[in-house]
Each structure stands twice: as structure tokens, then as C-alpha cells.
Amino acid sequence: MSRFLYLLLLPLIFIVGCNMEKEIDIVLPPHEPQLVVECYLEQGRPFQVTVLETSSYFDDPTPPIVPDAEVYITYQDKRVKLTYKPGYNNRTNSYYTHSSYTKMQGKPGEIFGIEVTDGKGRQVTGFTTVMPKVPISSVEWKFNDKDKAYLLTTFQDDPNTKNFYRYVTHHGSLRHKSEREFVTTDELTNGKETSYGSAYEYEEGDTLILSLFNIEKQYYDFLQSVEDAKNANGNPFAQPAKVKSSLQGGFGIFTNIALDRKKLIISK
């Protein structure tokens, strides 16, 4: 019996004694930086655009700005050049690199374009169609026996178009991180009165800011792909995800913001 056990353990001894580690050199292709552009046109607000460029995964985590980039917004028969002057928008809590004093004035259905070029000969273009605002028709809340309230935000979906929505809830101030945020379509609610609810999570006296965005499909696809990329980052079991850009010649998003916003204080 002892001899038989020894013969069984002998292969295991050889395996344990072997060095199973092996270094593998992976040759990565050289990184070719590309322009990254982000612009959200908003009615009655100045044009503001962020222009950066992509960097290698192993580069320092600093935003690679492009000072020599030239940016133009086109609409109707106009072509507005933006000035390179990095700044911070306190209202939207976002940075930008280029801006102009010209304010966006557009009607639903009008098309705006963007053109970005730089000293390396790179060019990025994109277009956006002005969306109509979808008004919030009512906001209701109800308390349970633990003095916690749920929220119900209601609006009417347009039966004649395929709509994409982004719904955001802020607690107290827009400067705080959003408390709830998601994007969806009217695939199951086309032409219907639609409501977005919440859990019983609010208390008497809470100040809430509700924002309903009527967004383009290209913005919907962009937001969905960004969320997928975040979920896949660092997760060995997730499928790699690529951000869907709305631009040609580079990466990023160029769209317009059509929103209705309500501010309320929860009370009994």
C-alpha cells in the first residue's frame, strides 16, 4: 500500500518542483493620438466646446489639451469661430477649452454642425438636429408609514416620433452629483402618458431638482456605450466595450440639450 501511494505522489512531486512561471513579452502597437471633442448646445447659452486628444493607457493621467485646435459651429448660413480660452462652467460643473459670446438660438428640426482642425492636419466633424422640449406634466409624491416618500414624474410621449429620454434627479443642488440617472426609449410607451418612479427614499423638507431630457439617438447610443465601457473596465468577466462616437474623424459627442426641469420641496 505504501509503495502504491508513493507511485501516485511521484508525478505530483515533479510538477510542484517545476517552475511554472514564464515571462511573456507583449508588443503593443504605437498609440496614434486622435482628437476628442465634446459639445452640448443649449438654447440661449454660449457655445462651449472641449477639445482634447486620446492618450496611451500607460501615459500620465493628465488631460492632453490641444491649444492649436480651431473650432467652428455652423448653422443656417453662419460659421462662428470659437476662441481657445479654457474655463469652468459653474452651472454644468464642467470644463471647456473653446467658447464664444454667440448664444445658441435654434428651432426644433434645425441642423447645427461642428468643425475642428489642428496643426497636425486632423479634422473632426459632426452634426446635431435641434430637439423639442418634452414638458414634465406633473410631479407627485406619497409618504409611507415610516415617513419616507416616493416620487412620481409624469410626461406625455409624442406618438409621431421615436423618442429617447434621459432622466436625472439631483438632491439639493445641481452642483452635487446626481442621485439618480438613466436613459431609456419609448419603445414600450410610445404615445402614452409615461411616469418615472422612485423608491421610498425622500424625507419631508428634501429639495429635489428633476431634469427630463429629450435626446437624439446618437446621444442615447453614446451614453449607453459609455456606461458599458465603465462596467467593463477592470472586470475580467465583462465583454470589452467601445464608446460610440457621434463624430467623424475623431471621438466624442456633439449634440443639443432639450430639457424641462422642476425644482420642488417634499412636504406632507
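**Loops, aromatic pairs and confidence in the predicted model**

Asp-147 is placed in the loop between strand S8 (136-143) and strand S9, where helices (H or I, at least four residues) and strands (E, at least two) are DSSP runs numbered from the N terminus. The structure is a predicted model, in which local features need a pLDDT of at least 70 and side-chain atom pairs count only at pLDDT 80 or more, whereas totals for chains, interfaces and linings use all residues. Residues are numbered from 1 along each chain as its sequence is written, and side-chain values use heavy atoms, with hydrogens and water left out.

Although Asp-147 is not a glycine, its phi is positive, at about 60 degrees. Most residues other than glycine have a negative phi. Asp-147 is partly exposed, with a relative accessible area of 42%; here buried means under 20% relative accessible area, exposed means over 50%, and partly exposed lies in between (1.4 Å probe, protein chains only). A positive phi, near 50 degrees, is also found at Gln-76, which is likewise not a glycine. Gln-76 belongs to the loop between strand S3 (70-75) and strand S4 (78-89), and with a relative accessible area of 56% it counts as exposed.

Aromatic side chains were then considered. Rings of Phe, Tyr and Trp (its six-membered ring) pair if their centres lie within 6.5 Å, and planes under 30 degrees apart count as stacked, over 60 as edge-to-face and the rest as tilted. The count by this rule is twelve aromatic pairs. One of them joins Tyr-150 and Tyr-200, whose ring centres are 5.1 Å apart and whose planes stand at 80 degrees, so this pair is edge-to-face. The pair links distant parts of the chain, since Tyr-150 lies in strand S9 (residues 149-156) and Tyr-200 in the loop between strand S12 (193-197) and strand S13 (207-215), 50 residues apart. Tyr-150 is partly exposed at 22% relative accessibility, and Tyr-200 is partly exposed with a relative accessible area of 42%.

Phe-182 and Tyr-196 also form an edge-to-face pair, with 5.1 Å from centre to centre and 75 degrees between the planes. Because Phe-182 lies in strand S11 (residues 180-185) and Tyr-196 in strand S12, this pair ties together parts that are 14 residues apart in sequence. Phe-182 is partly exposed at 24% relative accessibility, whereas Tyr-196, at 10%, is buried. Phe-182 and Tyr-196 belong to one aromatic cluster together with Phe-155, Tyr-165 and Tyr-167.

Charged groups were found over rings as well, a charge being counted as over a ring if NZ of Lys or CZ of Arg is within 6 Å of the ring centre and within 35 degrees of the ring normal. The charged end of Arg-79 sits over the ring of Tyr-72, 3.8 Å from the ring centre, and Lys-268 lies over the face of Phe-143, at 5.4 Å from the ring centre.

For the protein as a whole, there are two helices and 15 strands, and 35% of the 268 residues count as buried. With a contact defined as heavy atoms within 4.5 Å, residues 24 or more positions apart account for 64% of the contacts with a separation of 6 or more. The average pLDDT, the predictor's confidence in each residue from 0 to 100, is 87, and 82% of the residues score at least 70. Over residues 1-10 the pLDDT stays under 50, and the model has zero contacts beyond four places in sequence for them. Residues 12-16 also have a pLDDT below 50, and this stretch has zero contacts in the model beyond near neighbours in sequence.
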